[in-house]
Amino acid sequence: MLEIKNLHARIADDGTEILRGIDLVVKPGEVHAIMGPNGSGKSTLSYILAGKTDYEVTEGDILYNGESLLELSPDERAAAGLFLAFQYPIEIPGVATMTFLKTALNAQRKARGEGELSTPDFMKRVKDKAAKLQITMDMLKRPLNVGFSGGEKKRSEILQMALLEPSLCVLDETDSGLDIDALKVVSDGVNALRSPERAFVVITHYQRLLDHIVPDVVHVLSKGRIVKTGDKDLALELEKNGYADFVDAAA
Amino acid sequence: MTIEPRALETRAETELTEAWYKERDALPGNEAVAGRRKAAFDAFRQTGLPHRRVEEWKYSDLRNRLKSIAPFAARRDEAGAKSVLAGLDNVYGDVDRHRLVIVDGHFHAGLSDMAALAADGALARPLAEALAEAGEALMDLPAIATKDAAVGLNAIFCADGLELVVPAGVTLSKPVEIVHALGQDAASTAGRVVIRAGEGAEAIVLETFLGGTEGTFSNTLTDIRAADGAKLTVARLQAEAAGTTHVGTAVVTLGAKTAVKVIGAGIGSGFARHQAFVAFTGEHARADLLGITMVRKGQHVDQTLVIDHAVPNCDSRELFKTVVDDGAKGIFQGKIIVRPHAQKTDGQMMTQSLLLSEDAEMALKPELEIFADDVQCAHGATSGEIDEDLLFYLRARGIPEKEARTLLVLAFLAEAVEEIGEEVIVEAFEARIRAWLDQAA
C-alpha cells in the first residue's frame with residue numbers, strides 16, 4: 001500500500017537535511033509504529049507524506065498503491081485516501097466545524113467522482129461517529145478546534161478520520177497532550193477503524209499509546225534513518241532502555 | 001507675508017465651476033438653501049478638489065483621480081429610469097420590503113412603493129420638494145462633516161434625492177430599500193437622502209449603490225438623524241460598475257438613548273471613498289459601524305470614519321475588514337474624538353485587512369483624540385496574508401486550494417458578518433461576498 005524508497009528530504013527554506021534515506025513498506029491491514037527521539041524526523045516524515053511544501057524531497061520516492069505521491073497536491077493525496085492526524089490540530093476561527101467537515105467530505109467525494117452527500121445523510125453520519133468519540137453537538141457547532149481542549153482537538157481529528165474513511169492513516173503524536181481517559185477514547189476510535197483494507201502509521205514518543213493501539217511492526221527513527229525494526233516488543237525495550245543505544249549505533 | 005501656494009486649477013475644477021454657473025438657477029431650494037450652496041461653492045473655489053496634501057484625503061487623491069467631470073445628470077422620464085433599473089441587479093431579490101428608487105440622483109416616486117410605505121406609517125418625498133419647503137434645516141449637518149470637500153460638493157450640486165421620515169413611535173414592519181441607480185452614460189450625480197427617525201422610531205434601511213460606467217462620478221450623501229430613543233439599522237452596499245468614481249458619505253446624528261448601526265460594504269467601483277461622520281448629541285446612545293471591503297484589479301476603496309463623542313455616556317464600536325487582491329488598494333482611516341466633558345465614553349475600533357497577493361496594498365490610519373479622562377477607548381489594526389498552516393490543514397483534508405482559500409477569506413470576514421445581526425442583510429452581503437470570491441481566477 002505504502003512504499004517509501006530511499007527517501008531524502010530537507011527543509012526548503014534553509015536546506016537543512018532531515019531525512020537521510022528512509023525505506024519503509026506498509027501493507028494493507030498493518031499498523032506500523034514509528035518511534036524515535038526529538039529531532040529524529042518523525043513529524044517531518046508525516047508532513048512529507050501529506051504534501052507540505054515546507055520540505056523538499058531530494059532523493060527517493062513515495063509510492064502509494066504503486067503510484068508516486070510526490071507530484072500530488074495535499075488535497076489530491078487526501079482524496080486518494082491518505083489522512084494525517086495532526087500533532088497540533090489547527091484552530092480556524094470563522095469556519096464552523098460542521099461546514100468544514102461537510103466541505104472536506106464532499107470535496108473528496110467529488111474528486112473521486114462520487115456524488116455529494118445530502119445534508120440529512122451527512123448529519124446522520126456525523127452524529128453517529130461523534131457520539132462514539134464523546135463529541136457533543138455543541139462542539140460541532142463551534143468554529144473548528146476553537147476553544148477545544150487538547151483532548152477535544154485530538155478527538156476531533158479522529159472524528160475527521162472516521163468520517164473521511166481513508167485507507168492510509170498517519171497519526172502524528174496523537175497521544176501528546178492526552179490524559180489516560182482521553183487516550184482510551186482516542187485509541188478506541190482508532191481501533192474501531194482497523195480493517196484488513198486500512199493501514200496505519202503511528203508516530204509516537206512513548207510506548208504507552210502502543211498498549212492501546214497494538215502495532216504489527218515497530219521502527220526506530222534516528223537522525224533521519226530507520227535504525228531498527230522489530231515487533232511490538234521493541235517498543236517495550238525502548239521504554240526500558242531509552243533511545244541511547246540506537247542513537248549511538250546510528251552515529 | 002506668506003502666500004498660500006495653490007496649484008493651478010485642474011480641468012475638472014474648471015468644469016465644476018462652469019457647471020455651477022450653468023446649473024445654479026435650476027437647482028432646487030428656497031433662498032436660504034441657495035445661500036448654503038453659494039457658501040459651499042465659495043469654499044470649493046478656495047480649496048478645489050481634495051488631494052493628497054489634505055490630511056483627510058491623503059490616501060484618496062480625488063483631484064488626481066478626476067481628470068474631467070461629466071455633466072450633471074438630468075432627470076430621466078419614468079420609462080428611462082425604469083430601463084436603467086431593469087439593467088441592474090436586484091440585490092435583495094424577493095425580500096418583502098418598501099422599495100424607493102433614485103436614478104442618477106433623482107427620486108422616482110412612480111417607481112417606488114409609496115402607498116405601502118405610507119400604510120406602514122412612514123413618509124417619503126423628493127428632496128427637491130422638501131428643500132423648497134423646509135429649506136436649509138434639511139442641509140444642516142454636524143460640525144465634523146461640514147468642512148469635508150465631498151460634503152461641500154454635494155451641497156453645491158445636490159439636485160434631488162429623498163427625504164424619508166419615520167415618525168415618532170413608528171416601527172416599520174418591513175425594511176425600506178433605497179436604490180441609488182446610475183445610468184449607462186457617464187454623468188455626475190449628487191443625490192442626497194435625509195432619513196429622519198422620530199423619537200422611539202425603529203426601521204431598517206437598505207441602501208444599494210449600483211450601475212454607472214467609466215467616467216461616472218457619483219457623490220452621494222445620506223444624512224441619518226435619530227431622535228431620542230430611535231433605533232436604526234442602515235446597510236449600505238456599494239457595488240457600482242468597475243469604472244466609476246464613487247464618494248458615499250453617511251452622516252449620523254444620534255440623540256439620547258438611540259442605537260444606530262451602519263453596515264457598509266464596498267465591493268464595486270474603480271475608485272471609491274466611503275466616509276462616515278458620526279456625532280453623538282444625546283447621552284446613553286450607541287453607534288455600531290461595520291465595514292466589509294473587497295477589492296482587486298486596480299480598484300481603490302477607502303473607508304474613512306470620524307466618530308465624535310461630544311456628550312458623556314455613549315458607546316461606539318467600529319469593525320472594518322478589508323480583503324485586497326492583485327494590484328488593488330484598500331484604505332482605512334478611523335478617528336475617534338472624545339470631547340473634554342464626554343466622560344464614560346466607551347469607544348472601540350478595530351480594522352483588519354487580508355492581503356491576497358504580493359502587489360495588494362493597504363493603508364491603515366487609526367486615530368484617537370481623547371480630551372476626557374474617564375473613558376475607555378481602544379483601537380487595533382492588523383494586516384496579514386492567508387496563513388499557510390491553515391491552508392495546508394484544509395488541503396490535507398481534501399479541500400482543493402481555491403476552495404480552501406475561499407473558506408479562509410469567508411472566515412476572515414465572518415466576525416463582521418456575524419455582527420450584522422439582520423438575516424436579510426446577512427444573506428444579501430454573503431451572496432455578494434461569495435460572488436466576488438467566485439470571480440477569482
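**Close-up views of a predicted two-chain model**

**Figure 1. Helix H2 of chain B.** Helix H2 (residues 31-47) of chain B comprises 17 residues and spans 25 Å from its first C-alpha to its last, close to the 24 Å expected at 1.5 Å a residue. The model shown here and in the following views is predicted. Val33(B), Arg37(B), Ala40(B), Phe41(B) and Phe44(B) are the buried residues named in H2(B). Viewed down the axis of H2(B), the buried residues fall within an arc of 105°, so they line one face of the helix. An α-helix has 3.6 residues a turn, so residues three or four places apart point the same way. Glu31(B) and Gln46(B), on the other side of H2(B), are exposed. The buried residues of H2(B) pack against helix H1 (11-23), helix H6 (127-133) and helix H8 (149-157) of chain B. At the start of H2(B), a side-chain oxygen of Asn30(B) comes to within 3.2 Å of the backbone nitrogen of Ala32(B). Gly48(B), with a positive phi near 70°, follows H2(B).

**Figure 2. The interface of chain A and chain B.** In this interface, 29 residues of chain A are in contact with 17 residues of chain B. The area buried between the two chains is about 1,900 Å², and carbon and sulfur atoms give 71% of that area. Three salt bridges are found across the interface, and eight residue pairs are in polar contact between chain A and chain B. Helix H1 (42-50), helix H2 (74-79), strand E6 (82-85), strand E7 (92-96), helix H3 (97-111) and H6 of chain A each give two or more residues to the side of chain A that touches chain B. H3(A) contributes the largest share of that side, five residues.

**Figure 3. Leu164(A) in helix H6 of chain A.** Leu164(A) belongs to helix H6 (residues 150-164) of chain A. Leu164(A) counts as buried because its relative accessibility is 6%. Apart from neighbours within four places in sequence, Leu164(A) is in contact with Phe83(A), Ala104(A), Leu105(A), Gln108(A) and, in chain B, Arg397(B).

**Figure 4. Helix H9 of chain B.** Helix H9 (residues 388-396) of chain B is mostly covered, with seven of its nine residues buried. The buried residues are Leu390(B), Leu391(B), Phe392(B), Tyr393(B), Leu394(B), Arg395(B) and Ala396(B). Asp387(B) caps the N-terminal end of H9(B), where a side-chain oxygen lies 2.8 Å from the backbone nitrogen of Asp389(B). Gly398(B), with a positive phi near 100°, follows H9(B). The side chain of Arg395(B) forms a salt bridge with that of Asp75(A) (3.0 Å, N to O).

**Figure 5. Salt bridges within chain B.** Over all chains, the whole structure holds 46 salt bridges. Arg63(B) and Glu13(B) meet through their side chains in a salt bridge (2.9 Å, N to O). This pair links distant parts of the chain, with Arg63(B) in helix H3 (residues 62-65) and Glu13(B) in helix H1 of chain B, 50 residues apart. Arg63(B) counts as buried at 12% relative accessibility, and Glu13(B) counts as buried at 1%. Asp308(B) lies in strand E15 (residues 300-309) and Arg339(B) in the loop between strand E17 (329-338) and strand E18 (346-355) of chain B, so the pair ties together parts that are 31 residues apart in sequence. Asp308(B) is buried at 8% relative accessibility, whereas Arg339(B) is partly exposed at 30%.

Definitions and conventions: Residues are numbered from 1 along each chain as its sequence is written. Chains are lettered from A and ligands numbered from 1 in the order in which they are written. This is a predicted model: local features need pLDDT of at least 70, side-chain atom pairs count only at pLDDT 80 or more; totals for chains, interfaces and linings use all residues. Side-chain values use heavy atoms; hydrogens and water are left out. Helices (H or I, at least four residues) and strands (E, at least two) are DSSP runs, numbered from the N terminus. Buried means under 20% relative accessible area, exposed over 50%, partly exposed in between (1.4 Å probe, protein chains only). Contact means heavy atoms within 4.5 Å. The expected span of a helix is 1.5 Å times one less than its number of residues. The arc is that of the directions from the helix axis to the C-beta atoms. A polar contact is a pair of N or O atoms within 3.5 Å; within protein, one must be able to donate a hydrogen and the other to accept it, and residues adjacent in sequence count only if both atoms are side-chain atoms. Buried area is the accessible area (1.4 Å probe) that two parts lose on being put together, summed over both. A salt bridge is a side-chain nitrogen of Lys or Arg within 4 Å of a carboxyl oxygen of Asp or Glu.
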